[in-house]
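Here is a short briefing to read alongside the model. Take a look at the chain first, and then we can walk through it together.

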Amino acid sequence: MKKILTISPGSTSTKAGLFTSRGKIDEISVSVEQEYARKNVVQEYGYRRDLLKRFLEKTDLSGLAAVVGRGAPLKPMEGGVYKITPKLLSDLRECRYSNHASNLGGLLAHYFGELYHVPAWIIDPVSVDEFDEISRISGVPEIKRRSRSHALNIKATARKWCDEHGATLEKENFVVAHLGGGISVCALKLGKIRDVNDGLLGMGPFSPERAGALPISGLLDLAFSGDYTRKELDHYLSRECGLKGYLKTNDAREVVRRIQEGDEYARLIMDAMIYQIEKEIGAMLAACHYAVKAVLITGGLAHCSYITRRLQDHFSRFNLHIIPGENELEAMADGGFRALKGDIPIQDYV
């Protein structure tokens with residue numbers, strides 16, 4: 001039976017999964033020691049490769065047909081499956097588009113693909129860009145709206161829902177909200193992400209640790225306060241705001257615990273985040289002319305019943321489904337098997 005190895009590097013660990021078409025047969029998570037947290041994530045490549053290699057040497061890889069790595073922020077591109085080409089490797093090694101742990105996904109997949117003599121791919125990276133031209137207009141000529149989202153989980157969740165409900169992704173419209181450390185709420189029209197808030201930074205709701213849409217005057221005051229460099233402000237807005245900024249924790253379970261113990265400030269902040277998620281889902285429903293097959297809620301925060309109950313009540317008139325989890329390893333395996341079957345074309349990154 002054919003197997004696919006999937007690799008997802010995060011900031012503090014590298015996860016890997018081994019799948020057959022029937023499901024997952026093995027998974028590991030290898031922690032990254034603090035001493036390897038360098039300014040350039042590519043410096044961690046050899047260390048993470050060797051840790052993963054030691055695990056794989058003890059694993060039955062007979063039947064391995066492909067290796068799929070997590071797609072990093074790259075140039076704007078259509079969604080789908082991409083070969084790991086020399087150009088893609090160069091962009092990842094140079095951190096051309098972002099210094100993010102996911103840059104290692106393609107590099108590690110390439111290494112293990114060559115080692116085991118099987119093809120290596122990435123699938124639906126963060127920078128999937130399928131915007132309608134009207135979605136790019138910000139209102140400021142010098143500034144274009146960018147498509148950066150949790151495209152991998154968004155598309156895999158919608159495909160999974162379609163498989164279970166006898167629908168065809170390319171024939172339906174959905175609003176899909178990925179709720180995690182970052183939040184992406186998108187209008188998924190006929191299988192394409194036609195509009196979405198910037199899931200890495202900007203627009204949309206605030207998240208457990210990221211700022212969402214901001215009053216411009218307040219942002220200008222912050223930028224010119226002299227308290228931050230450009231890089232420091234980027235880090236602050238993308239890593240130190242949201243729930244973490246107000247409540248000093250990015251753990252929604254901890255916030256719910258405080259609410260249950262009577263902390264009204266924690267309730268206000270959590271309710272504000274949910275309120276902003278509701279508004280963004282409403283905006284994407286409007287982008288789909290309110291004609292959607294379903295509203296799908298996914299991501300790690302979809303495990304939080306305090307959040308999902310509110311969304312179910314608010315959107316009771318719509319066909320809302322909760323499909324919790326980041327599901328990155330599973331999403332990469334699903335896309336890989338579809339590519340092996342020929343259901344999805346395998347594209348070149350040039």
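Which residues of the largest nonpolar core touch the most other members? They are V175, L179, M270, I281, I297, I307 and L311, in a core of 34 residues. Please keep in mind that this is a predicted model, where local features need pLDDT of at least 70, side-chain atom pairs count only at pLDDT 80 or more, and totals for chains, interfaces and linings use all residues. Residues are numbered from 1 along each chain as its sequence is written, and side-chain values use heavy atoms, with hydrogens and water left out.

**Nonpolar cores**

- A nonpolar core here is a set of buried Ala, Val, Leu, Ile, Met, Phe, Trp, Tyr and Cys residues joined through side-chain atoms within 4.5 Å; buried means under 20% relative accessible area (1.4 Å probe, protein chains only).
- L311 touches L179, I274, I277, E278, I281, I297 and L320, leaving aside residues up to four places away in sequence; contact means heavy atoms within 4.5 Å.
- Another core, of 31 residues, lies apart from the largest one, with L51, L52, A72 and L74 among its members.

**Cysteines**

- The disulfide count is 0, a disulfide being a pair of cysteine sulfur atoms within 2.5 Å.
- The sulfur of C186 has its closest cysteine sulfur in C288, 8.1 Å away, which is too far for a bond.
- C186 is buried at a relative accessible area of 0%, and C288 is buried at 3%.

**Strands and sheet**

- An open sheet of 7 strands runs in the order β3-β2-β1-β4-β6-β5-β12, with mixed pairing; two strands pair if DSSP finds at least two bridges between them.
- At the edges are β3 (23–31) and β12 (346–347), each pairing on one side only.
- β1 (residues 3–9) pairs with β2 (residues 13–20) in the antiparallel sense over 6 bridges, and T6 has G17 in β2 as its bridge partner.
- Helix α1 (residues 45–56) lies across β1, β2 and β3, at about 135° to β3; axes are lines fitted to C-alpha atoms, for helices over the stretch in contact, and angles run from 0 to 180 degrees between N-to-C directions.

**A hairpin to look at**

- β8 and β9 (residues 192–196) pair in the antiparallel sense over 4 bridges, where L188 has I193 in β9 as its bridge partner.
- These strands, β8 and β9, form a hairpin with 2 residues between them, and L190 in the turn has a positive phi of about 50°.

Key. Buried means under 20% relative accessible area, exposed over 50%, partly exposed in between (1.4 Å probe, protein chains only).
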